[in-house]
Amino acid sequence: MLIFRSEDHVDRWLAGRPAGATIPLETLAALATAWWSSRLDPDWRPRSRAENQAILDGLGLTGPFWDLG
Amino acid sequence: MDAADLDLRNATYQLFIELGQAPSPAEVAAALGMDEETVRSGWRRLHDDHALVLDETGQIRMANPFAARPTPFVVDAAGRSWFANCGWDAFGIGAALHVDSTIHTTCADCADDLDIEVRDGRPTASDLVFHVLVPARSWWNDIGFT
């Protein structure tokens with residue numbers, strides 16, 4: 001889960017390995033807000049897998065790669 | 001996760017924020033008025049539930065999004081510098097603290113410095129990208145590698 005200067009840098013870093021998923025920082029920031037913003041709340045409760053999947057789905061992070069299983 | 005473990009988890013996170021670093025079992029035990037072994041056994045259950053990540057000695061390695069050890073992701077937020085476990089967690093620290101932040105990292109390919117301002121939850125640098133190598137269903141198989 002790394003940050004790169006551009007998609008060209010991702011390709012070079014992969015060096016022929018199969019790529020995972022590349023997303024813009026805007027999407028990552030939105031994902032982080034949805035995923036972590038309640039982390040320090042006094043009434044925090046663990047989310048279910050379905051709730052986590054719904055966060056990914058809501059940001060368009062769908063398909064087999066983003067399937068939490 | 002039962003109520004006692006939830007209280008332990010919340011107290012551990014609260015101490016992490018207060019101290020600016022991962023608390024020890026003794027520090028959490030003192031804060032909660034319990035013995036260290038109760039903290040350690042509770043942490044192991046939280047580790048198994050993916051609510052914390054412990055190292056091989058039973059100390060906190062990750063209280064996601066916060067990292068207990070130095071990493072290539074340094075986040076300035078709320079008057080402190082924090083370590084994040086990965087790029088996702090780097091954005092998560094400001095989100096968890098509900099403050100603006102600045103992320104200092106490097107391009108994983110070319111090692112150029114990348115300084116990313118996050119204001120109102122949005123990055124000011126829009127040309128960078130984030131890559132996830134491991135499919136979601138396998139993230140917890142080896143969370144350190146993920």
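In this predicted model, three strands form an open sheet in the order S1(A)-S9(B)-S2(A), with antiparallel pairing; strands here are DSSP runs of E with at least two residues, helices are runs of H or I with at least four, both numbered from the N terminus, and two strands pair if DSSP finds at least two bridges between them. Strand S1 (2-4) and strand S2 (21-24) of chain A stand at the edges, and because each has a single partner strand, one side of each is left without a neighbour in the sheet. Neighbouring strands of this sheet are turned by 30 degrees against each other on average, direction ignored, where axes are lines fitted to C-alpha atoms, for helices over the stretch in contact, and angles run from 0 to 180 degrees between N-to-C directions.

S1(A) pairs with S9(B) over three bridges, and Ile3(A) stands opposite Phe130(B). S2(A) is joined to S9(B), residues 129-132, over four bridges, with Val129(B) as the bridge partner of Pro24(A). Across S2(A) and S9(B) lies helix H2 (residues 25-36) of chain A, running at about 90 degrees to S2(A).

Residues are numbered from 1 along each chain as its sequence is written, and chains are lettered from A in the order in which they are written. Local features need pLDDT of at least 70 and side-chain atom pairs count only at pLDDT 80 or more, whereas totals for chains, interfaces and linings use all residues.

Methods. Contact = placed C-beta atoms within 7 Å.
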